[in-house]
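User: Please take a close look at one part of this model: the charged side chains and their pairing. I would like a connected account that also considers the surroundings.

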Amino acid sequence: MPSATNKLSEESVQATELLAGKVVARVVRHRESEVLVEFTDNARLFVDHTTHGVELSVTGTQEGTQTVEAIACCFCAESINQEMSVELSVHIPDGATQLLWAHTRCLYPRLHESVPVLP
C-alpha cells in the first residue's frame with residue numbers, strides 16, 4: 001500500500017501527464033470554490049475545493065475524464081483522509097477564510113496544554 005506522501009506524488013504525476021504540452025486558452029471562476037482552466041484543445045482542468053480537500057478533474061482528453069483528489073496535512077504535508085483529520089478554519093483579517101487540514105497526531109502535540117481538546 002503506498003504511503004500518503006507517495007499517493008500525493010502519484011496524483012501529481014497523473015495530473016502532469018494528462019496536461020503535458022497543453023496551452024491555456026482561458027481561466028474561468030464560476031464559483032468561489034472552483035477554478036476552471038480551459039485549454040486550446042478543449043481539454044478542461046477543474047480545481048475544486050471540497051470539504052475533503054482539493055479535487056482536480058481533467059476532462060476532454062483522449063483518456064476521458066480523470067479525477068485526482070488530495071488532502072494534505074498542513075504540518076507534515078502527507079495525504080490524509082477525513083477519519084484521521086481535523087479541519088481548521090482560519091479567518092484572515094481582510095474577511096477571507098482558508099480551510100486547512102491536519103492529522104490529529106500532528107496538531108494535538110502542537111497545542112498549548114491549556115487549550116481544551118474534545119475527545
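**Salt bridges and their surroundings**

Arg26 has a relative accessible area of 44%, so this residue counts as partly exposed. The description applies to a predicted model. Arg26 is paired with Glu38 in a salt bridge, and the closest N and O atoms of the two are 2.4 Å apart. Because Arg26 belongs to strand β1 and Glu38 to strand β2, the pair ties together parts that are twelve residues apart in sequence.

The two partners differ in their cover. Burial is assigned under 20% relative accessible area, and Glu38, at 11% relative accessibility, therefore counts as buried. Arg26, at 44%, is by contrast partly exposed.

Glu38 has a further partner. The side chain of Arg44 meets that of Glu38 in a salt bridge, with an N to O distance of 2.8 Å. Arg44 counts as partly exposed because its relative accessibility is 33%. Through salt bridges that share partners, Arg26, Glu38 and Arg44 are joined into one network.

How many salt bridges does the structure hold? The count is three. Besides the pairs already described, Asp41 and Lys22 form a salt bridge through their side chains, at 2.6 Å from N to O. This pair links distant parts of the chain, 19 residues apart: Asp41 sits in the loop between β2 and β3 (44–50), while Lys22 sits in the loop between α1 (4–19) and β1 (24–28). Asp41 is partly exposed because its relative accessibility is 41%. Lys22 is also partly exposed, because its value is 23%.

Strand β2, which carries Glu38, spans residues 34–39 and also includes Val35. Val35 has 26% relative accessibility and so counts as partly exposed. Setting aside its neighbours within four places in sequence, Val35 is in contact with Val27, Val28, Arg29, Leu45, Phe46 and Val47. Among these contacts, Val27 and Val28 lie within the residue range of β1 (24–28), while Leu45, Phe46 and Val47 lie within that of β3 (44–50).

Which C-alpha separation is found for Val35 and Asp48? The two C-alpha atoms are separated by 6.5 Å, although the residues are 13 apart along the chain. Asp48 lies in strand β3 and counts as buried, because its relative accessibility is 15%. Apart from neighbours within four places in sequence, Asp48 is in contact with Arg31, Ser33, Glu34, Gly53, Val54 and Glu55.

Two further sites complete the account. Ala102 is placed in strand β7, residues 97–103. With a relative accessible area of 0%, Ala102 is buried. On the surface, Tyr108, Val115 and Val117 form a nonpolar patch whose accessible area together is about 230 Å². Val115, one of its members, is found in the segment after α2 (104–107) and is partly exposed because its relative accessibility is 40%.

Methods. Residues numbered from 1 in each chain as written. Predicted model: local features only at pLDDT ≥ 70, side-chain atom pairs only at ≥ 80, totals over all residues. Heavy atoms only, no water. Patch = residues over 30% accessible without salt bridge, like charges linked within 9 Å, V, L, I, M, F, W, Y side chains within 5 Å. Areas by Shrake-Rupley, 256 points an atom, 1.4 Å probe, with all protein chains shown as cover. Salt bridge = Lys/Arg side-chain N within 4 Å of Asp/Glu carboxyl O. Helix = DSSP H or I, 4+ residues; strand = E, 2+ residues; numbered from the N terminus. Buried < 20%, exposed > 50% of the residue type's maximum accessible area, 1.4 Å probe, protein only. Contact = heavy atoms within 4.5 Å.
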